[in-house]
Amino acid sequence: MPKGVFQIPYPVNEPVVGYEPGTPERESLHAMYLEMYEQEPIDIPMYIGGEEVRTNDKREVTPPHEHKKVIAHFNYGTSAHVEQAIEAALKARKNWAKMSWEHRASIFLKAADLLTTKYRDRMNAATMLGQSKTPHQAEIEAACEMADFFRFNAYYMQEIYEEQPDSAPGIWNRMEYRPLEGFVFGISPFNFTAIAANIPAAPAMMGNCVVWKPNDTQVYSAHVIMELFHEAGLPEGVINMVTVEGPDAGAVVFRHPEFAGLHFTGSTAVFKSLWKEIGQNIDLYKYYPRVVGETGGKDFLIAHHSAYPQQVATALVRGAFEYQGQKCSAASRAYIPSNMWDEVRSSMELDLKSMKMGAPDDFSNFLCAVIDRKAFDKITGYIEYAKNHADAEVIMGGNYDDAVGYFIEPTVILAKDPKFRTMVEEIFGPVLTIYVYDADHFEDTLHLVDETSEYGLTGAVFSRDRYAIEQATDILQNAAGNFYINDKPTGAVVGQQPFGGARGSGTNDKAGSYMNLLRWASARVIKENFVSPEDYRYPYMASE
Ligand code: NAD
């Protein structure tokens, strides 16, 4: 038990390394990438209760930009492994839930410092190689955002613990923030290494033990995350990583009486199906499970006629195409006023012509490949749909090639119908659909933006007119959980723009904020009376 009121060091966002030509950081990252690329394929285990678990079902890991090259195998498990992971988590919980919070915090603060020093190149190179990210896209999240999650969450945990009820004369009221009883199930998406790490780390920091299932297409960096946790001193069984079919995991987890919470990031359809399953099994559980999910988006950018066209074009190009559009926050539908469309269009055409696409070890590339065959087929299906439809025209890009890697050109579709399919559905690839509206109809178009999709994740307005900005902020109040004024809708920074959306985009518990951490605690109020009454009679009952 602590014998001091400790203070977490005030967190500061991890500075982003630039990797400019001629710098030692660039040389070192490049060398690490080549080392990982050239070495014999590694064998990635599951991690259950401190054991490395291997099976006979070995699955290949191939870089999305070179799908014939095998860089690793990972060991596929079954529902029996999920059962073992739950047992390991429940066993570890006995000590972990009791450990005083400053020691839990220390482990993650240490993980942040290891990550930004010794592990920086490995985490970034693994993300570049396994998820096809450029050095910059890997650096901003796999190194910086992950470290920010660990440091800021430790600070928020302390702030939560400091939040205490009032007391009265003769009474001392206290609040303790217990971990949930049972275990937490973490499910993470492929697209951010930092999110993958935070899915199990946030509940674990609050004293919970976790069964974590990463996406199969992210296991290459997931195993570096497990090594980082281990080196930082995370006790065995606190975070258990299993690589199994989602439904195989769900079949065990969602029928377990000690299932205490789901920490999910991924697509809306999967999250809804899991919520249904949890609801159907509610009678099996000892506690009401906490259900936290950050899900899909159909993120918008609307320009007012007063905006600078060049700024709008740059925000669209970066917002739509960085990491091949595979960000939940990526700009994927835009509403451009007729007065500036020609200028925005020619600026985007120039940008797209100059953009290079290829493998991430060529640092001059702006785009790499999309994650896998399934994504490639889905995205190109949308492109073909637009090419063959009278209500739309593919005006930039539109070509693709999967001979070596899953490469898709940054593609812009011009929609005649503002509710054209690609204006409504999440595509999750380098495809932006634009609708040009009558510049005099800004207000009507704001309502259109609000009503077009089921999602409410991110959105942006560009304007120099403050009345227009105020109007957009008001009408689009529920259209985005992260709303940007004169900026692209991507690139949220921990501690600055807590991230998450509502409507079909999730429970909006804001990853990397105290709001998310609160979901992993169950408060107990302790009232202590210093002088206990010794007579049941109240004074008003006395005879006159
Ligand atoms: P996905 O939904 O395909 O997969 C997410 C995870 O769910 C994976 O680990 C997958 O294996 C697992 N899964 C799938 N079916 C399952 C089942 N039946 N039972 C248990 N687990 C199951 O998503 P993805 O392709 O990895 O990621 C992209 C999606 O995630 C996009 O929709 C994107 O918008 C969203 N996303 C949202 C945020 C956010 O903060 N809102 C952040 C990143 C990604």
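Biologist: Why is Tyr-323 called buried?

Modeller: Tyr-323 has a relative accessible area of 1%, and buried means under 20%, whereas exposed means over 50% and partly exposed is in between, with a 1.4 Å probe and protein chains only; Tyr-323 is therefore buried. This is a predicted model in which local features need pLDDT of at least 70 and side-chain atom pairs count only at pLDDT 80 or more, while totals for chains, interfaces and linings use all residues. Residues are numbered from 1 along each chain as its sequence is written, and side-chain values use heavy atoms, with hydrogens and water left out.

Biologist: What makes the chain as compact as a globular protein of its length?

Modeller: The chain has 16 helices and 23 strands. Its radius of gyration is 25 Å, close to the 24 Å that the globule rule gives for 544 residues, so the chain is as compact as a globular protein of that length; the radius is taken over C-alpha atoms, and the rule is 2.2 Å times the number of residues to the power 0.38. Buried residues make up 56% of the 544 residues.

Biologist: How do you know that His-65 is buried or exposed, and which side chain does His-65 join in a polar contact?

Modeller: The relative accessible area of His-65 is 4%, and His-65 is therefore buried. His-65 lies in the loop between β4 (58-61) and β5 (72-75), and its side chain is joined to that of Tyr-33 by a polar contact of 3.0 Å. A polar contact is a pair of N or O atoms within 3.5 Å; within protein, one must be able to donate a hydrogen and the other to accept it, and residues adjacent in sequence count only if both atoms are side-chain atoms.

Biologist: Why is the pair of Glu-454 and Lys-272 called a salt bridge?

Modeller: A salt bridge is a side-chain nitrogen of Lys or Arg within 4 Å of a carboxyl oxygen of Asp or Glu, and the N to O value for Glu-454 and Lys-272 is 3.7 Å, so the pair meets that definition. Glu-454 lies in the loop between α14 (442-452) and β19 (455-456) and Lys-272 in helix α9 (residues 268-280), so the pair ties together parts that are 182 residues apart in sequence. Glu-454, with a relative accessible area of 43%, is partly exposed, and so is Lys-272, with 46%.

Biologist: How far apart in helix α12 are Glu-384 and Lys-387?

Modeller: Being three residues apart in helix α12 (residues 373-387), Glu-384 and Lys-387 are separated by about one helical turn. These residues form a salt bridge in which the closest N and O atoms are 3.2 Å apart. Glu-384 counts as partly exposed at 27% relative accessibility, as does Lys-387 at 39%.

Conventions
Helix = DSSP H or I, 4+ residues; strand = E, 2+ residues; numbered from the N terminus.
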